[in-house]
Amino acid sequence: MKKVERINIIMRYINNRAHFTISEIMHEFNISRSTAIRDIREIEAMGMPLVAEVGRDGGYFVMSNSVLPTVRFTDNEIKALFIAFMATRNLQLPYLKSRHSLAEKLLGLISQNQQDDLVLLNQILLFEGTNPHNPDLLDLSDLPHPMLEQLIQILLEDRYLAVSVEEAREIKSYPIYLMRLYREKSAWQIEGFDLLEGKRRIIPVDNLTEVKPYPEKKRMSKKKIAEQLGRQEEDINLVVELGPKAIAQFKKYHPLKMTISYTNPYQTTAILKTFLNVHHPDELTEVTNWLLFLGADIKVREIPKEVVEELQDRVEVLGNK
């Protein structure tokens, strides 16, 4: 009997009894004491309200006025869950080290016909980063940087952090208030407010060596952080109108800080307003590449001369080929 099937049967067994012991579970399902304890702990983690009784004859009982919840999925819901699960492979997402056990639990909740449909979908659907000859073979590791889960766990408690980062073979430390954690260009990034230097700072998660809460006595209030960020808002120097083809390109990819506002009810035209730091070479190159990626369905209303010069140089290079 598979583990998922056994746990489901044990849950039904428990739910039909007012009281049970480890020995009863061992005898009923012919399993060892350690296996019975692991299964009961897993059942508790799934949300079943068990209460342990202390004493020589102690055991467990299900908390009164609680029943085992019934989970049922429609065929379309099963397919939606499975396809979403498949599509996240290769994305280095946190908490997905247990893909195999998650998939087993999902399969344990559905009928044989639904399982057969999922097997077929796995054979015919391909997503970016998979090998067409072997869909289970990934181009990249499916596991994220080991610091990512630790970072998220700390963030659930506190957003004031002391982070250590490896930069140019040196370890540097920054006290930050984390504003957001995002993934861009296949890499996880921290956008935070540097509490010492009083400015925004972008930190690649891959470069983290240590993360811990920042001491409370050294912190700046959230209100003061917001005030400082508000004073640092820079003047808009790029204004672009987008047509339907450019909007489609925008949806495929856009830098994190770029947002558009639709200018008609049908969402076929939009406007983009932002600030470009033209003195930052990497940002200048990235924006130039991205404007070319948007295509010809744009109208530029305002643009820094440095970007125009970069675009002209790029067009000349293409024209000489």
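Guide: Two residues are in contact here when heavy atoms of theirs lie within 4.5 Å. Among the contacts in the protein chain that link residues at least 6 apart in sequence, 58% join residues at least 24 apart. The model is predicted, so local features need a pLDDT of at least 70 and side-chain atom pairs count only at pLDDT 80 or more, while totals for chains, interfaces and linings use all residues. Residues are numbered from 1 along each chain as its sequence is written, and side-chain values use heavy atoms, with hydrogens and water left out.

The protein chain holds 11 helices and 13 strands, taken as DSSP runs numbered from the N terminus (H or I over at least four residues for helices, E over at least two for strands). Of its 321 residues, 36% count as buried, a word that stands for under 20% relative accessible area, with exposed meaning over 50% and partly exposed in between (1.4 Å probe, protein chains only).

For the core itself, the term covers a set of buried Ala, Val, Leu, Ile, Met, Phe, Trp, Tyr and Cys residues joined through side-chain atoms within 4.5 Å. The largest nonpolar core has 20 residues, and among these L242, F250, L272 and L291 touch the most other members. At least two residues of this core come from each of β10 (238-242), α9 (244-252), β12 (270-274), α10 (281-294) and α11 (305-319), and α10 gives the most, with five residues. Leaving aside residues up to four places away in sequence, F250 touches L242, M258, T259, I260, L272, W290 and L294. A second, separate core has 18 residues, including V165, Y174, I190 and I203. As a general background, nonpolar side chains in soluble globular proteins tend to be buried together.

Helix α10 also contains E283, and E283 counts as buried because its relative accessibility is 17%. With residues up to four places away in sequence again left out, E283 touches K257, F275, L276 and N277.

At 43% relative accessibility, Q267 counts as partly exposed. R169 also has a positive phi, about 65°, although it is not a glycine, and R169 sits in the loop between β5 (160-167) and β6 (170-184). R169 is exposed, with a relative accessible area of 82%.

Elsewhere in the chain, a search of the whole structure finds four aromatic pairs, where rings of Phe, Tyr and Trp (its six-membered ring) pair if their centres lie within 6.5 Å, and planes under 30 degrees apart count as stacked, over 60 as edge-to-face and the rest as tilted. The rings of F20 and Y60 have centres 5.4 Å apart and planes at 15°, so this pair is stacked. F20 lies in the loop between α1 (3-15) and α2 (22-29) and Y60 in strand β2 (residues 60-62), so the pair ties together parts that are 40 residues apart in sequence. Both F20 and Y60 are buried, and in α1 V4, R6, I7, N8, I10, M11, Y13 and I14 are buried.
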